Amino acid sequence: RLFSLLKSLYPEYKTKDLQKERIYGLLYPGNVIKGKLEKTAAELNKLIREYLIWKAFQTRENEFQKALIWSSVLDKFSLNERYDLFLNRIEKDYLSTEAPLSPAFFYHRFLLEYQRHHALGKANDAKGDTNLTATIDSLSTFFEIYRLELLNRFLSQQLVAKLEVSPSIRHNLDTIFNLVPEDANILLKISSLIFKLLNKNSPSLEEFSTLRLLLQENESRIAPVYMAEYHTYLRNFCTFLIYNAGQEHLIPELHQLHKYSIERGHLLVDNSLQPNSYLNITRNAIWAGNLPWAISFVEDFKDKIAGETEKREFYLINKAQCLYAQGDFDAALDILPPTSDNATYYRFARRLELMCHYELGSGNIIGKIEAFKMLIRRASEKFLTADLRDQNNAFANFLYQIVVTTPGDEKRASKIAERIKDKTNVAETRWLLLKVAELSEGGKIWKKSRG
């Protein structure tokens, strides 16, 4: 009766129709029966939960688990011949040499070997190792791959957020376990190389190129979702080095990585692109000297930005940086959104705003620099990491020095350039050095004042 009643209210399910008193009245007219409906609802909730769990279990990702459970059933009923044949079939279907490699592949390998050990152990006659060697080897490989995957994620996140390094994490970061040789399989080799790169302050272009080629050469061997994740590690750290540590020699490499990942679909999740990826790809293409490609990219992907809000703001900020690169500073200022809930976009938009005002010779640029420093100070008190705080403050301080320097003062301009180069953690390093070079050559022509 309850099901029929709820079905009659589909699909609107108006709140007033679902009031407890109304449902009571329709199910038990003329009676006040407390507790009975709650019990029915609890049983219905349990039934729904069991159905949804069953439905989720029918996905392709769970085919291996289903097969392994069935093998346990065969073992339980001592159907030994069928059990052995079915385990061999599982290995052939899911763990062949042609299967795409992923951490899950090695987890499944461990589960299969453990299943064999468990069955053999029940009838152990003190002969043989009951598959222990294969089980331990597969466990070691699975553990080391997963450990490196999680440590790489931790190190990547540590670049942009304040993370507490617990004693156990520090032990994992500092200890080389060597449970399995790094070249035992391609996932370990790639993950180990990424781990080493993430632990370096200044990886070379050659090191990044080596990893990039390694990923490309093994693309057909590695599961697509993990190939995309490996490229994410590489792009994120490369981006950090370029824009936070002044490693400009990586700009062409990162641009090629972006183009390659776009072609392979690595950057899209459910056909959507993350806002920060949208910003970084556009920005790096401009710095790599490929403005036409950047403009096309901004337009082609404006409707594929992930999230339900601020899509328009993300698009305008990226379009504004293209307009700036074209020299249309007024147009860039006109479309820059005044705010954004995305902290990365907001900081970038405010820096771009200062850059436009500098190019236009705005009379109140000193005040805007001070306002930007106040913004960074407040953000650092709440969520901004020390590195991000320092790089944005350094940008503001160096811009102030450039603004107050007399055009043509080569000696002072040279000192400013030296300070910028000596301080590796500076936002917009390349732009600042370009402005210093202009200053040394006599200064830019201030076009007009814009409030």
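## Helices H17 and H18

Helix H17 (residues 343-360) packs against helix H18 (residues 365-382) at an angle of about 165°, their axes 10 Å apart. Axes are lines fitted to C-alpha atoms, for helices over the stretch in contact, and angles run from 0 to 180 degrees between N-to-C directions. H17 is therefore roughly antiparallel to H18 (angles over 145 degrees count as such). Helices are DSSP runs of H or I, at least four residues long, numbered from the N terminus.

In H17, Tyr346, Arg347, Arg350, Arg351, Leu354, His357 and Tyr358 meet H18 residues Ile365, Lys368, Ile369, Phe372, Leu375 and Ile376. Contact means heavy atoms within 4.5 Å.

## About the model

This is a predicted model: local features need pLDDT of at least 70, side-chain atom pairs count only at pLDDT 80 or more, and totals for chains, interfaces and linings use all residues. Residues are numbered from 1 along each chain as its sequence is written, and side-chain values use heavy atoms, with hydrogens and water left out.

## Helices H14 and H15

Helix H14 (residues 291-300) and helix H15 (residues 311-326) cross at roughly 160°, and their axes come within 10 Å. H14 and H15 are therefore roughly antiparallel to each other. From H14, the contact uses Leu291, Ala294, Ile295, Val298 and Glu299. H15 supplies Tyr315, Asn318, Lys319, Cys322, Ala325 and Gln326.

By class, this contact of H14 with H15 has seven nonpolar, two polar and two charged residues. Ala, Val, Leu, Ile, Met, Phe, Trp, Tyr, Cys and Pro count as nonpolar, Asp, Glu, Lys and Arg as charged, and the others, Gly among them, as polar.

Notes. Helices (H or I, at least four residues) and strands (E, at least two) are DSSP runs, numbered from the N terminus. Angles under 35 degrees count as roughly parallel, over 145 as roughly antiparallel, 65 to 115 as roughly perpendicular and the rest as oblique.
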